[in-house]
Amino acid sequence: LPLARMRDDLTHTMVHDLRNPLTGIFSALKLLQSRVRADFSADMQKMLEIALNSAQRMLQLVNAILDISRLENGQMPIEPTRIALAPLVEEVLRLQIPLAASNHVYLEAAIPPVLPDVHADRALVERICQNLVGNAIKFTPEGGKIRIVAWTDSARPAKVCVAISDTGPGIAPEIRDHLFEKFTTGKQRGRGTGLGLAFCKMALAAHGEDIWVESTGKQGTTFTFTLPIVEEPALPEMGSNS
């Protein structure tokens, strides 16, 4: 345990120190792209695009590690607000359309109009959904489908259940038991950093909620998580006039 703590502290320190120079590199490349790109040859423009994308991915990785560290230490500010899930899910899918289109994957949602609003940090819920949908797209073959559904369940009072399913090949058996641990990745093509699901787990835990794999196999995978329903104020009792 002390060794693991030292490793985490060292990782956090290194990553924190990397963020400033990476931000500088990314900003400089963006400036270069906006001002002198027209003067570049096609090969130089392609090299600039590769450098910009690589810097962006590195910066995203650094920020993800720092966010997970903040969640682990209880330092991530959680600002719950009232959220209607239907428009939030619509926006999540809208932002994923380019990636889905390039992978020839279909996106759809089934959020009941009468679904109760939830009480959670909107930015974190959006990131959770983006992570899950993004993962699903990466691992779903062409012609596949990603679906988001939400419902209330009498077995889980005061909760809304949200499920994101895909038609991919399923999760490799060797990583199923460690799926929500940091840096867990399989051997599939397009695998990520192994931080997305860890972030989802910790962000939901910060709300007192949970996420789990509902099912996985050759027909696809479904992740389900819960969010708390907004507590409506009790109506005043009707009494006699005094």
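**Sheet and helix packing in the predicted model**

In the hairpin formed by β4 and β5, where six residues lie between the strands, Ala158 adopts a positive phi near 65°.

Strand β4, covering residues 145-152, and strand β5, covering residues 159-165, are paired in the antiparallel sense over six bridges. Within this pairing, Thr152 has Val160 of β5 as its bridge partner, while Arg147 stands opposite Ser165 of β5. Strand β4 also pairs with β2, in this case in the parallel sense and over five bridges, and here Leu107 is found opposite Ile146 of β4. These strands belong to an open sheet of five strands, arranged in the order β2-β4-β5-β7-β6, in which the pairing is mixed. The edges of the sheet are formed by β2 (106-110) and β6 (211-217), each of which pairs on one side only. From one strand to the next, the twist averages 15°.

Helix α3, which spans residues 85-102, lies across β2, β4, β5 and β7 (220-228), and its direction makes an angle of about 175° with β2. Helix α5 lies across β6 and β7, and runs at about 25° to β7.

Helix α3 also packs against α4, the axes of the two helices coming within 10 Å and crossing at roughly 35°, in a crossing that is right-handed. On the α3 side the contact is made by Leu88, Val92, Leu93, Leu95, Gln96, Leu99 and Ala100, and on the α4 side by Arg122, Val125, Glu126, Cys129, Gln130, Val133, Gly134 and Ile137. When these residues of the contact between α3 and α4 are divided by class, ten are nonpolar, three are polar and two are charged.

A further contact joins α4 (residues 122-138) to α5 (residues 196-206), whose axes come within 10 Å and cross at roughly 150°. Since angles over 145 degrees count as roughly antiparallel, α4 and α5 are therefore roughly antiparallel to each other. The crossing in which α4 passes α5 is left-handed. In this contact, Leu124, Arg127, Ile128, Asn131, Leu132 and Asn135 of α4 meet Gly196, Leu197, Phe199, Cys200, Ala203 and Leu204 of α5. By class, the contact of α4 with α5 comprises eight nonpolar, three polar and one charged residues.

The residues that make the contact are Asp67, Ile68, Leu71 and Glu72 on α2, together with Ala198, Phe199, Met202, Ala203 and Ala206 on α5. Seven residues of the contact of α2 with α5 are nonpolar and two are charged, whereas no polar residues are present.

Side chains of opposite charge can pair when their charged atoms come close. With a side-chain nitrogen of Lys or Arg required to lie within 4 Å of a carboxyl oxygen of Asp or Glu, the count comes to ten salt bridges. One of the salt bridges joins Asp67 to Arg70, with the closest N and O atoms 3.5 Å apart. Both Asp67 and Arg70 lie in helix α2, where they are three residues apart, or about one turn of the helix.

Key: Residues are numbered from 1 along each chain as its sequence is written. This is a predicted model: local features need pLDDT of at least 70, side-chain atom pairs count only at pLDDT 80 or more; totals for chains, interfaces and linings use all residues. Side-chain values use heavy atoms; hydrogens and water are left out. Axes are lines fitted to C-alpha atoms, for helices over the stretch in contact, and angles run from 0 to 180 degrees between N-to-C directions. Helices (H or I, at least four residues) and strands (E, at least two) are DSSP runs, numbered from the N terminus. Angles under 35 degrees count as roughly parallel, over 145 as roughly antiparallel, 65 to 115 as roughly perpendicular and the rest as oblique. A crossing is left-handed if the near helix is turned anticlockwise from the far one by less than a right angle, and right-handed if clockwise. Contact means heavy atoms within 4.5 Å. Ala, Val, Leu, Ile, Met, Phe, Trp, Tyr, Cys and Pro count as nonpolar, Asp, Glu, Lys and Arg as charged, and the others, Gly among them, as polar. Two strands pair if DSSP finds at least two bridges between them.
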